[in-house]
Amino acid sequence: MLSDKKILFAAGGTGGHINPALAVAGLIREKYPGAKILFVGTKEKIESRLVPAAGFDFKTIDISGFQRSFTPENIKRNLLTVSRLLRSSAQAKELLLEFRPDVVVGFGGYVSGPVLRMAAKMSILTAIHEQNAYPGVTNKALANRVDRVMLTAVEAEKYLKPKNPCVYTGLPVRGEIVSADRTLSRFELGLDDRPLILSMGGSLGAQAINENIVELIARKHRDSDCYFHHATGQYGKWVPDSLQKKGVDLAREKHIIIREYIDDMYRLLSAADLVICRSGASTLSELQAAGKASILIPSPNVAENHQYHNAMAMAEQGAAILIEEKDLTPEKLIAEVNALISDPGRRQRMEENAKKMAAPDSAERICKVIEDLCLTAP
């Protein structure tokens, strides 16, 4: 159905935008080897590395976002952004005329705006995917222009005014997350029957999460009633020293592992009994796919406070505990952790509720939307 079609994906900025798009593109390539696929992104961001590494053609346009605080440096950046916005439409038009796609699909990031707007203006079939429970500014503006709006969370629909009814697809996650075996993972990690608490704050690290995890471990490490596996992120390299000063000997206490990054997330996630983390869309989709109980601490430093809305959607379904960063204290976190560690039945109910929210066939659903959209072409 898509064998002779040309599909352009516009996505950029973060792995959370790129990886789901790559999952869908990979499925299309597998099902329809004759389909021609092109990605459009920016040359400075992570897509410039991930997309070519996945074997897809990649083109760039110059686009950036506005800085919210008005420091002299940010004012300069915002002037540059205005200049790039003026050029981006022309660049998008040139790319569209060159590639001549049958359908253009936006997965988020600044690059989606000019590409999808120009495609709609040129009467090319268009679709966007909204990852968050509270839509971003770009997708809000695009919803009434594109032909299909796909959603990760049904809650997002009430904030949009789409031209056509929204389609719930969920958000694609890596196949290894879905297929990981808990028993094997725990064996490979050398775990016994004690619960494993997995915690992280993203690739850069979250100061508030790092600080509170340090206190959590410092106050609980002598109990030895659970395992801790914490990823500090790039800016959390101080965590081991801080724990050492608080009497936690990481060389001797084998039930505590501190790492900068987690490269084998599929293994750690499948083995975990409780996850403490931010609430980006991709993270939550992985929690749902793996069926994990979680304590979510949304980042307050994101557009439209979308992580809070993402976390609230999980909490309202009984799949997670939501603690806003402004309310986060060691005492509160320790109390919540202790309550969950001591109540396996509650954790199991949260796991089941998280699993109910998952869309394991999300990539297939999105592919079907693209297929159906192509069928509407004259």
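Leaving aside its neighbours within four places in sequence, which residues is F9 in contact with? Before I answer, a word on the model. What we have here is a predicted model, in which local features need pLDDT of at least 70 and side-chain atom pairs count only at pLDDT 80 or more, while totals for chains, interfaces and linings use all residues. Residues are numbered from 1 along each chain as its sequence is written, and side-chain values use heavy atoms, with hydrogens and water left out.

Now to F9. Taking contact as heavy atoms within 4.5 Å, and setting aside neighbours within four places in sequence, F9 touches A21, V24, A25, I28, I37, L38, F39, V40, V105, F107 and I370.

F9 also belongs to the largest nonpolar core, which has 31 residues, and F9, I28, F39 and I370 are those with the most contacts inside it. By a nonpolar core I mean a set of buried Ala, Val, Leu, Ile, Met, Phe, Trp, Tyr and Cys residues joined through side-chain atoms within 4.5 Å, where buried is under 20% relative accessible area, exposed is over 50%, and partly exposed lies in between, with a 1.4 Å probe and protein chains only. At least two residues of this core come from each of β1, α1 (15–31), β2, α2, β4 (103–108), β5 (125–130) and α15 (362–375); these elements are DSSP runs numbered from the N terminus, helices being H or I of at least four residues and strands E of at least two. Another core, of 30 residues, lies apart from it and includes I276, I295, I334 and L340.

Let me turn to the rings. The structure holds 4 aromatic pairs, a pair being rings of Phe, Tyr or Trp (its six-membered ring) with centres within 6.5 Å, called stacked with planes under 30 degrees apart, edge-to-face over 60, and tilted for the rest. The ring centres of F9 and F39 are 5.1 Å apart and their planes are at 20 degrees, so this pair is stacked. Because F9 lies in strand β1 (residues 6–11) and F39 in strand β2 (residues 36–41), the pair ties together parts that are 30 residues apart in sequence. F39 also pairs with F56 in a tilted arrangement, at 5.5 Å centre to centre and 50 degrees between the planes. F56 sits in the loop between α2 (47–53) and β3 (57–60) while F39 is in strand β2, so here the parts tied together are 17 residues apart in sequence. F9 and F39 are both buried, F56 is buried as well, and ring pairs link F9, F39, F56 and F107 into a cluster.

What of the strands that carry these rings? Strands β1 and β2 pair in the parallel sense over 5 bridges, pairing being called when DSSP finds at least two bridges between two strands, and I7 has I37 as its bridge partner in β2. The chain passes from β1 through α1 to β2 in a right-handed β-α-β crossover, meaning that, with the strands pointing away from the viewer, the path from the first strand over the helix to the second runs clockwise. Strands β2 and β3 run parallel as well, joined by 4 bridges, and the crossover from β2 through α2 to β3 is also right-handed. Finally, 5 of the 6 residues of β2 are buried, so this strand is largely enclosed by the rest of the structure.
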